[in-house]
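Please read them with the structure open.

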Amino acid sequence: MKFAGRRVLQLCWGCIVVMAFCVFFAILKDRIYWAGVAVCLGLYAFLGVRWLRCPHCGKGETLQHLTHALVHEYYCPHCGERIVISD
């Protein structure tokens with residue numbers, strides 16, 4: 001089963017940051033930045049469906065919980081198994 005590594009989590013957070021900047025510039029500058037918001041949102045949705053999952057039961061997990069699992073112990077709320085993020 002495919003599971004998120006550190007790089008996938010960094011890519012997801014990067015999508016969120018770029019999307020926030022695009023929203024900011026779309027409101028202040030020009031509407032063309034809404035296209036950047038759409039691209040970042042689509043990429044984040046794709047990564048979320050494909051990679052942000054529990055490696056044991058396959059249920060979806062939030063980015064915040066998986067980021068927390070990088071440095072702390074975190075257990076899946078669905079199956080109760082420990083989630084360990086590898087590099």
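**Notes on helix packing**

1. Start with the contact between α1 and α3. On the α1 side it uses Arg6, Leu9, Cys12, Trp13 and Ile16. These meet Leu63, Gln64, Leu66, Thr67 and Leu70 of α3. By class, the contact of α1 with α3 has seven nonpolar, two polar and one charged residues. Keep in mind that this is a predicted model.

2. Now the geometry of that pair. The axes of α1 and α3 cross at roughly 135° and come within 11 Å. α1 is therefore oblique to α3. Their crossing is left-handed.

3. Next, α1 itself. The helix runs over residues 6-28, 23 residues in all. From first C-alpha to last it reaches 33 Å, close to the 33 Å expected at 1.5 Å a residue. Which residues of α1 are buried? They are Val8, Leu9, Cys12, Cys15, Met19, Cys22 and Ala26. The cover over these buried residues includes α2 (33-50) and α3 (63-71).

4. How do α1 and α2 pack? Their angle is about 160°, and their axes lie 8 Å apart. That angle is over 145 degrees, so α1 is roughly antiparallel to α2. α1 passes α2 in a left-handed crossing. From α1, the contact takes in Leu11, Cys12, Cys15, Ile16, Val18, Met19, Cys22, Val23, Phe25, Ala26 and Ile27. From α2 come Tyr33, Trp34, Gly36, Val37, Cys40, Leu41, Leu43, Tyr44 and Leu47. Sorted by class, the residues of this contact are 19 nonpolar, one polar and no charged.

5. A word on leucine 41, which sits in helix α2. Leu41 is among the α2 residues in the contact with α1. Is leucine 41 buried, exposed or partly exposed? Its relative accessibility is 48%, so leucine 41 counts as partly exposed. Leucine 41 and leucine 70 are 29 residues apart in sequence. In space they are 23 Å apart, C-alpha to C-alpha. Leu70, for its part, belongs to the α3 side of the contact with α1.

6. Last, serine 86. This residue is in the segment after β2 (82-83). Serine 86 counts as partly exposed because its relative accessibility is 44%. What does serine 86 touch, not counting residues up to four places away in sequence? It touches Gly5 and Arg6. Arg6 also takes part in the contact of α1 with α3. Serine 86 and tryptophan 13 are 73 residues apart in sequence and 17 Å apart in space, C-alpha to C-alpha.

Technical notes:
Residues numbered from 1 in each chain as written. Predicted model: local features only at pLDDT ≥ 70, side-chain atom pairs only at ≥ 80, totals over all residues. Heavy atoms only, no water. Helix = DSSP H or I, 4+ residues; strand = E, 2+ residues; numbered from the N terminus. Expected span 1.5 Å × (residues − 1). Buried < 20%, exposed > 50% of the residue type's maximum accessible area, 1.4 Å probe, protein only. Contact = heavy atoms within 4.5 Å. Axes fitted to C-alpha atoms, helices over the stretch in contact; angles between N-to-C directions. Parallel < 35°, antiparallel > 145°, perpendicular 65-115°, else oblique. Left-handed = near helix turned anticlockwise from the far one by under 90°. Nonpolar A, V, L, I, M, F, W, Y, C, P; charged D, E, K, R; others polar.
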